[in-house]
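Let's take a friendly walk through a protein model together. Have a look at the chain below before reading on.

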Amino acid sequence: MKRILLIIVLLALIALPATAQRWVNISYPWSFVEHHKAAEMLDDTKDSFVYGTERGNLIVMERDRMTGRLQVSKQREVWAPVKEIHLAEATGDTRNELVVTTRRGDLFVLESGNLTDVWRTPEGYFTTINCFTVGDTDGDGQPEIILIADDKLVIMAGGEQTELYRSSEEFKATDIAMADVDGDEQDEIVLNTGEIIDAKFRQIEWVHDDPFGEIFDLFDIDGDGIVEIVGVGPSGEVLILDGDEQRVKWE
Ligand SMILES: [Ca+2]
Ligand SMILES: [Ca+2]
Ligand SMILES: [Ca+2]
Ligand SMILES: [Ca+2]
């Protein structure tokens, strides 16, 4: 849902004059956070959000109750340009962590409250991380981090630095999501390059001929209880794929 909102926000921003696009002047940080991969809302009652910089810092902003201004409440270094941040339950304790990747291939799982390490990959463990998502791939109640890293599908345990799986096949995807897209009560890993992979057994179930675009999302657009793959085609048209029938529903 988030990314569809993102598309709407982007369209809204295009329609606004240039000055309104400067996020520092926007009263509410939502639009900034929505259209940045390296930003996440932390607490909407305080307009608190985190974003990562090209200089390798994570910065938490929070609205000051007295002045109403956004100000820095915490920051830390991750020593390389921040690529992506997700707020997600990664450790199995029902509290959300920040999962952060850098353009140097680092992966961090951080306490969302104080930005301290839960764990991180050692320097050079991966060279590139294209994209990632967080979810319970095998249904054991413990979350995993699912990545396209060094052109492989890699599954890391969420709670500690343990690699559970690395594919032998290469994958070039730049966007990834996980959900049950065909209604068989097993999750699939969906890649924007068109592959639909069984999350538990990591076999490719099917491959859609056309990629789903640079960004895609999974949600139940027709209310039948099964999520559709909602992507953007090569000329910008919205593409809606039915996972159980493995075909384009609307385009
Ligand atoms: Ca947690
Ligand atoms: Ca699991
Ligand atoms: Ca399924
Ligand atoms: Ca549906």
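What follows is a short tour from the whole chain down to single residues.

This is a predicted model, in which local features need pLDDT of at least 70 and side-chain atom pairs count only at pLDDT 80 or more, while totals for chains, interfaces and linings use all residues. Residues are numbered from 1 along each chain as its sequence is written, and chains are lettered from A and ligands numbered from 1 in the order in which they are written.

**The whole chain**

The protein chain has two helices and 20 strands. Of the 251 residues, 33% count as buried. Here "buried" stands for 20 or more other C-beta atoms within 10 Å of a residue's own, "exposed" for 12 or fewer, and "partly exposed" for anything in between, with C-beta atoms placed from the backbone.

**The core**

In soluble globular proteins, nonpolar side chains tend to be buried together. In this model, the largest nonpolar core has 54 residues, and Val99, Val100 and Leu147 have the most contacts inside it. Such a core is a set of buried Ala, Val, Leu, Ile, Met, Phe, Trp, Tyr and Cys residues joined through C-beta atoms within 7 Å. Strand 10 (residues 144-149) gives the most to this core, with five residues.

Which residues does Leu147 touch, leaving out those up to four places away in sequence? They are Ile129, Phe132, Val154 and Met156. Touching, or being in contact, requires C-beta atoms, placed from the backbone, to lie within 7 Å.

Strand 6 (residues 97-102) is mostly covered, with six of its six residues buried. Glu97, Val99 and Thr101 point one way, Leu98, Val100 and Thr102 point the other way, and all are buried.

| Strand pair | Sense | Bridges | Residues opposite each other |

Strand 6 and strand 7 form a hairpin with four residues between them, and Gly105 in the turn has a positive phi of about 90°. Asp106 also lies in the loop between these two strands. Asp106 counts as buried because it has 22 C-beta neighbours inside 10 Å. Not counting residues up to four places away in sequence, Asp106 touches Val78, Ala80, Thr101, Arg120 and Thr121.

Another stop is an open sheet of four strands, in the order 13-14-15-16 with antiparallel pairing. Strand 13 (176-179) and strand 16 (204-207) stand at the edges with a single partner strand each, so one side of each is left without a neighbour in the sheet.

Glu163 touches Val154 and Met156, not counting residues up to four places away in sequence. The C-alpha atoms of Glu163 and Ile145 are separated by 9.5 Å, with the two residues 18 apart along the chain.

Methods:
Two residues are in contact if their C-beta atoms, placed from the backbone, lie within 7 Å. Two strands pair if DSSP finds at least two bridges between them.
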